[in-house]
Amino acid sequence: MCGIVGYVGRQQPNGKPLEVVMEGLRRLEYRGYDSAGVALVGRDGVLVTAKKAGKLVNLADELDARPLPGATAAIGHTRWATHGAPTDVNAHPHVAGKIAVIHNGIVENFAVLKAELLADGATFLSETDTEVVAQLLARAYARLGDLSEAMCAVAQRLEGTFTLLAVHADVPDVVVGARHDSPLVVGLGDGENFMGSDVAAFIAHTRRALELGQDQVVTLTPDSVTVTDFTGAPAQGRAFTVDWDAAAAEKGGYRSFMDKEIDDQPQAVADTLLGRTGLDGALVLDEVRIDESLLRSIDKIVVIACGTAAYAGHVAKYAIEHWCRIPVEVELAHEFRYRDPVVNEKTLVVAISQSGETMDTLMAVRHAREQGSKVLAIVNTHGSTIPRESDAVLYTHAGPEIAVASTKAFLSQITAAYLLGLYLAQLRGNKFPDEIAELLGQLRAMPAKIQTVLDGAEHVREVARSMRDTPSVLFLGRHVGFPVALEGALKLKELAYIHAEGFAAGELKHGPIALIEEGQAVFVIVPSPRGRDSLHSKVISNIQEIRARGAHTLVIAEEGDDAVLPFADEVFRIPQCPTLMSPLLAVVPLQLFACELATAKGLDVDQPRNLAKSVTVE
Ligand code: M6R
């Protein structure tokens, strides 16, 4: 949940390490924003730190007021608090003697370790588990005289999850990192090297990166990167090139990252579709390295994911079951492994995650593989853990998603899951090649249709501004509109901090209709009148039922669907499209609505309270 940056450079201006680390923290602030801090080591063997509670701007102000001396190496941290309140004292780095340490994760055996250190005469300033690690490292360094060896020794004693970075005043050209179940990537420079929780930390300086394996220690000097396992035995990272640049991780003139990322959506969907057909027009998913005969023999698909990614999986269930005639279950990853799920070698488990680091999803991936299932990951972030621990990966190409609330990741996850569904239908012979080509054509038409919805954004924004004091909004949808309703409610909760709930429209009469009273705002996602059976007319009846009881109805309906007009207080139009494609359009007004309403309330849409982008603790 925290953001971590490390830097070491040769012949650099002395101010560069701090600049690099502060810039990296700015790009990683979405990972946590309770407090931030830096530690610098200079050639004169001096270790200095600065740390402040609150957002990064507080630390920047502190550094302006109290400039730090030049340095050769630096580490920086932006925190999402686990142990100890978000105060100056609990902020990272934590110092023990000449060592400074930053940490992402939770050391579960910290109480035992702390008791041992207290018995040995250690004193502690903070309530954090990280200070325990700093004390252990200082003692290990005193014994071993080498920072990397000390890190290996300490890493072997820790239980829980951790990424650790450490610097020592006696070795000003060295930064050492360790990772166990928590993200860390290396950036490869020329006479300088970097580390970060993700590549955004160093993308302004290099696109060459090294993915680390599980339980590894990495030692950076300006000219070398050495990787070992926790016993000190040599290990290898996997080199890769980041396929986006620094500009993609900037706001680019938008008032928030979320506004920009909503607008990025046509491109995100187009990029996710790009290059996935062969010369004969057949779908080619090179990345799906699971044996074809095995894919033909699977009898069930289980999607595991959390939050928005789970709703993307829920949408995909409708399409994959329809196209492939395979049962698809969608399971919240944190529930999955604790309920003894029935999965085996005939189950394909699909893990969906923007970050590729969500701990609940990672643990579910491991559990599924232990049961003999193959796991295919749909992930946006290269160099992350979930793809490395899965049997195959299908990358979404949404580019960096910085705002905590997921938007373009959702659309690209649906797109990638649809590609997987079509690939399975092709492989298993459920669809003829011309049917696959037609469905691919429908998908390829979506970016332009999403753009049409975005072109009408001002109407949604106006309505959202007028509703800034609304205490509660309900969302109704049916078929693929149901997960869209759930996603619309999630967006509003996390951004505007108001009560919001999504329901399957058919469930209304089984209870939720009791919530309807005069003025209750209700979004209704209306299925296409050209779609399945009588779904359209059933949802129109639902709108009538709630309107009759005083609801203020906000209706999302296709162009030309005039049946909604008598019962809608507001209508938001989406272009006509096949039913299964409609979630890619219907969710956009809901994203715009939540973003604008929260902005009108004066809230920070990129960094909502209590949340972090990447949930790397269980
Ligand atoms: O990185 P992931 O896609 O695995 O993240 C899953 C959820 O934590 C994430 O979608 C979360 O629900 C978002 N804040 C929703 O906007």
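A pocket, on a 1 Å grid over the protein atoms alone, is an open set of points where a 1.4 Å probe fits, with protein on both sides within 12 Å along at least five of seven lines; its lining residues have an atom within 4 Å of a point. Keep that in mind for the first stop of this tour.

Before you click, note that this is a predicted model, in which local features need pLDDT of at least 70, side-chain atom pairs count only at pLDDT 80 or more, and totals for chains, interfaces and linings use all residues. Residues are numbered from 1 along each chain as its sequence is written, and side-chain values use heavy atoms, leaving out hydrogens and water.

**Stop 1: the largest pocket**

Select Cys 306, Gly 307, Thr 308, Lys 613 and Val 615: of the 27 lining residues of the largest pocket, these lie nearest its centre. Next, colour helix 9 (307-324), which gives the most to this lining, with 3 residues. Helices (H or I, at least four residues) and strands (E, at least two) are DSSP runs, numbered from the N terminus. Strand 17 (347-353), helix 11 (359-370) and helix 17 (481-496) are also among the elements that each supply at least two lining residues.

**Stop 2: the domains**

Now colour domain 1 (3-249), domain 2 (251-444) and domain 3 (454-606); such bounds come from an automatic or database domain assignment. The centres of domain 2 and domain 3, taken over C-alpha atoms, are separated by 26 Å. Their contact (heavy atoms within 4.5 Å) takes 32 residues from domain 2 and 27 residues from domain 3.

**Stop 3: an antiparallel sheet**

Strands of a sheet pair through backbone hydrogen bonds, either parallel or antiparallel. Here, two strands pair if DSSP finds at least two bridges between them. Look for the open sheet of 6 strands in the order 5-6-7-8-12-13, with antiparallel pairing. Strand 5 (94-96) and strand 13 (225-229) each have a single partner strand, so one side of each is left without a neighbour in the sheet. Zoom in on strand 8 (175-180) and strand 12 (216-220), which pair over 5 bridges; Val 175 stands opposite Leu 220 in strand 12.

**Stop 4**

Finally, find the 5 strands of an open sheet with parallel pairing, in the order 21-20-22-23-24. Which strands stand at its edges? They are strand 21 (499-504) and strand 24 (570-574), each with a single partner strand. Strand 20 (472-477) pairs with strand 21 over 6 bridges, and Leu 476 stands opposite Phe 503 in strand 21.
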